[in-house]
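Subject: Structure handover and notes

Dear colleague,

I am passing on the structure we spoke about, and I would be glad if you could read the notes below with it open beside you.

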Protein chains: 2
Amino acid sequence: MEDFHLCPKFESAFELIGKRWTGLIIRVLLNGPKRFKDMTEIITNVSSKVLTERLKELETAGIVSRVVYPEMPVRIEYCLSEKGKDLLPVLDELQKWADKWVE
Amino acid sequence: MEDFHLCPKFESAFELIGKRWTGLIIRVLLNGPKRFKDMTEIITNVSSKVLTERLKELETAGIVSRVVYPEMPVRIEYCLSEKGKDLLPVLDELQKWADKWVE
């Protein structure tokens, strides 16, 4: 009927970044690498359990990297991969839409 | 710490359009008004029950309009409101990202 051959990619992208908190996590990491504790201070309503889950999912998807600095004490930071940084235009457009339409 | 005063709008936009099938439904309706049956033929994996639910949610959110044509037999079509059509740039950017990064 119509050309929807790109559906599977589109749909799986939506499933990935459409999960609760995921968009917000990506947006926070677009501002630079963060430690787990920093993220819980910025995204105040998310539980540590859920934040851990989401970060693992994003790591598996190749969107977030977990970097361990061998200092004393060990420092662990989360940052976006190139794949993750490439989501900026998507989030920008969504922000524009939300500013215009969401009350 | 950082300027995240737009979080609530952004987050609620994500919650709304991030639900399974919702992005795809909006994308299909961007191509023009559709009857329920048309949509089930294009989005082949969605059940009628879930499609009905999603359309109701989108109607409540003011993104989709349900238009009843008083013909015999009655014709019912779903189309996007201005708010819904404004999602085009978001979906376009997401498509670009998916084409580049989703295998």
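Predicted model: local features only at pLDDT ≥ 70, side-chain atom pairs only at ≥ 80, totals over all residues.

**Chain A and its hairpin**

Chain A is built from six helices and two strands, and read from the N terminus its elements follow the order α-α-α-α-β-β-α-α. The C-alpha trace of chain A spans about 60 × 35 × 25 Å along its principal axes.

The two strands of chain A, E1 (residues 64–69) and E2 (residues 75–80), run antiparallel and are joined by six bridges. Within this pairing, Ser65(A) stands opposite Cys79(A) of E2(A), and Arg66(A) has Tyr78(A) in E2(A) as its bridge partner. E1(A) and E2(A) are connected as a hairpin through five residues. Pro73(A) belongs to the loop between E1 and E2 of chain A, and the peptide bond that joins Met72(A) to Pro73(A) is cis, with an omega of about -5 degrees.

**The hairpin of chain B**

In chain B, strand E1 (residues 64–69) and strand E2 (residues 75–80) run antiparallel, with six bridges joining them; here Val64(B) has Leu80(B) as its bridge partner in E2(B). Five residues lie between E1(B) and E2(B) in the hairpin that they form. Pro73(B) sits in the loop between E1 and E2 of chain B, and the peptide bond from Met72(B) to Pro73(B) is cis, with omega near -5 degrees.

**Helix packing within chain A**

Helix H2 (residues 22–30) and helix H4 (residues 48–60) of chain A pack at an angle of about 75 degrees, and their axes are 10 Å apart. With that angle, H2(A) is roughly perpendicular to H4(A). On the side of H2(A) the contact is made by Thr22(A), Ile25(A) and Ile26(A), while H4(A) contributes Leu51(A), Arg54(A), Leu55(A) and Leu58(A). Sorted by class, the residues of this contact of H2(A) with H4(A) comprise five nonpolar, one polar and one charged.

**Helix packing between the chains**

Turning to the two chains together, H6(A) and H6(B) pack with their axes 8 Å apart, at an angle of about 170 degrees. H6(A) is therefore roughly antiparallel to H6(B), since angles over 145 degrees count as such. From H6(A), the residues that make the contact are Pro89(A), Val90(A), Glu93(A), Leu94(A) and Trp97(A), and from H6(B) they are Pro89(B), Val90(B), Glu93(B), Leu94(B) and Trp97(B). The contact of H6(A) with H6(B) has eight nonpolar and two charged residues, with no polar ones.

**Cavity and pocket**

How many cavities of 30 Å³ or more does a search of the whole structure find? The search finds one, and the space in this largest cavity amounts to about 50 Å³. Its lining consists of Phe14(A), Ile17(A), Val90(A) and Leu94(A) from chain A, together with Phe14(B), Ile17(B), Val90(B) and Leu94(B) from chain B. At least two residues of this lining come from each of helix H1 (7–17) and helix H6 (88–101) of chain A, and from each of helix H1 (7–17) and helix H6 (88–101) of chain B. By class, the eight residues that line the largest cavity are nonpolar, with no polar and no charged residues among them. Val90(A), Leu94(A), Val90(B) and Leu94(B), which line the cavity, also take part in the contact of H6(A) with H6(B).

The second largest pocket holds about 150 Å³ of space. Its lining is made up of Glu15(A), Gly18(A), Lys19(A) and Arg20(A), along with Phe14(B), Glu15(B), Gly18(B), Lys19(B) and Arg20(B). By class, this pocket lining has six charged, two polar and one nonpolar residue, whereas the lining of the largest cavity has no charged residues.

With best wishes

Key
Residues numbered from 1 in each chain as written. Chains lettered and ligands numbered in written order. Heavy atoms only, no water. 1 Å grid on protein atoms, 1.4 Å probe; cavity = no way out; pocket = protein on both sides within 12 Å on 5 of 7 lines; lining within 4 Å. Points joined across faces, edges and corners; volume = space filled by probe spheres on them. Helix = DSSP H or I, 4+ residues; strand = E, 2+ residues; numbered from the N terminus. Nonpolar A, V, L, I, M, F, W, Y, C, P; charged D, E, K, R; others polar. Axes fitted to C-alpha atoms, helices over the stretch in contact; angles between N-to-C directions. Parallel < 35°, antiparallel > 145°, perpendicular 65-115°, else oblique. Contact = heavy atoms within 4.5 Å. Pairing = 2+ DSSP bridges.
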